[in-house]
Amino acid sequence: MNSKSSKKMVQMKESEFAKDSKVPFDEAWKFIIKVGIAAHKYGSTATRLESFLVGLSISFGYKGVFRSTPSDIVFALWENPDLPQRVEVIATSPPDVNLDKLARLGDLLNEYNAGTISLSEVDARIDANEQVPPPWGKFATMLGYAFVGIGLAPLLGGGWLDTLFATLFSMLVYGIVLLSGRLGSAATTWMPLSSAFVVGLLATVLKLWIPELNLVLIILSAVAIILPGYTISLGAGELVGQHVVSGAANLMNGLITLFKQIAGGWLGIAVASSIFTVEASAPATPVDQAWLLLLFPLLLIGLCLVFQISRRDLLWAVLVSAIAYLGVLAGSSLMDSMLGNLLGTIAAVVIANLWSRQTGRPTSIVLIPAIVMLVSGSIGFRGLAAMAQGEVLLGVQQFFQMFVVAMTIVAGILIGYTIIRPERSL
């Protein structure tokens, strides 16, 4: 390499640093780590978190490189081009999506950028944010689970009794989620299997007296809120975006959760069937589609309650999810469900980015419920259920369809971001 090109590279490297740092290096380093850990905990995606931390580093007058995975974050920061970078790898617990706290964190950082509060005040309020009670208590969250069950079952073609028991079992699943959290990490790890097992067992026993019950539909609707459809779609998107470690981890976590759920449901049905003789019967008459005008909004509200979306953002989150579903219906009527998922995702991303630009709040608040609503994992659940019942070809087809849906959602996100560039936010 000649001296002229070397000189140019040095100049380019130095230009990446601000001449005057706004914040002392050690103070900036501690603050960036605190923000990164908090945002990761509240459910910020790897792509958005890394991009935001880079922008935060630049605002402080330094250059940073960051890598986020579900289990750790790599922080690297340069004080100036003549000194070695400071690097630290911090292990993190798996994200526990709390969109209210993520929004509060974003608001604090916006206030700091606007100059209305000092860095020390932001630091203290981030600690205080951790102690803020959720906007929706346990009873409201239980209603959220119930609303998902009552809204999803008829959407999947269930009858009124299917819908009733899907709703009741959804509340039971919430109880199992709470109990697992109190029993410790081992119980939480096996919660997808235990919840599906309990629902499968009870639903099969009920089928002795109500033969028309659709077991797979009831189990699916009851555990839908913990289906890993979003995690699988997120993992596929991160792989496409070359976030290989995070993408592979999310994809594998999603698939493992899915296998636990179908194994639990299958075991529940098998245990009950080994004790009682359960006869096959024709499914019940589906709920009239006119009822969906009332029940579908409950599904959207339920998702928002479970994800702890604040009252301030609730209406917008429901609206974005509703627009996404209208896109699904429009695309499906024009061609097929794949086009529907694509149009629905594009519409959700565009509206979410416009909303974020106007409010300065994280896009994730209104986008995550919309993506979850597309429940790509539900197709995989039914595919594995079909394979477990001996319908191998149908099961493989539906399981493969899950990945097609996930990639369709990823394509919709990329196209939506191309139409409306996202703000650098959490």
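**Close-up views of salt bridges and a helix pair**

**View 1. Asp123 is partly exposed, with a relative accessible area of 26%.** The model is predicted. The partner of Asp123 is Lys34, and the two form a salt bridge with their closest N and O atoms 2.9 Å apart. This pair links distant parts of the chain: Lys34 sits in helix α2 (residues 25-42) and Asp123 in helix α5 (residues 119-130), 89 residues apart. Lys34 is also partly exposed, at 23% relative accessibility.

**View 2. Asp107 and Arg361 meet through their side chains in a salt bridge (2.5 Å, N to O).** Asp107 belongs to helix α4 (residues 99-113) and Arg361 to the loop between α15 (337-359) and α16 (364-373), so the pair ties together parts 254 residues apart in sequence. Arg361 is buried, with a relative accessible area of 3%. A network of salt bridges links Asp107, Arg312, Asp313 and Arg361.

**View 3. Arg125 and Glu111 form a salt bridge (3.4 Å, N to O).** Arg125 is in helix α5 and Glu111 in helix α4, so the bridge ties together parts 14 residues apart in sequence. Arg125 is partly exposed at 37% relative accessibility. Glu111 is partly exposed at 27%. The salt-bridge count for the model comes to nine.

**View 4. Helix α6 (residues 138-155) packs with helix α10 (residues 215-222) at an angle of about 145 degrees.** Their axes are 8 Å apart. The crossing of α6 and α10 is right-handed. Gly149, Leu152 and Ala153 of α6 meet Leu217, Leu220 and Ser221 of α10. By class, this contact has four nonpolar, two polar and no charged residues.

Conventions. Residues numbered from 1 in each chain as written. Predicted model: local features only at pLDDT ≥ 70, side-chain atom pairs only at ≥ 80, totals over all residues. Heavy atoms only, no water. Axes fitted to C-alpha atoms, helices over the stretch in contact; angles between N-to-C directions. Helix = DSSP H or I, 4+ residues; strand = E, 2+ residues; numbered from the N terminus. Left-handed = near helix turned anticlockwise from the far one by under 90°. Contact = heavy atoms within 4.5 Å. Nonpolar A, V, L, I, M, F, W, Y, C, P; charged D, E, K, R; others polar. Salt bridge = Lys/Arg side-chain N within 4 Å of Asp/Glu carboxyl O. Buried < 20%, exposed > 50% of the residue type's maximum accessible area, 1.4 Å probe, protein only.
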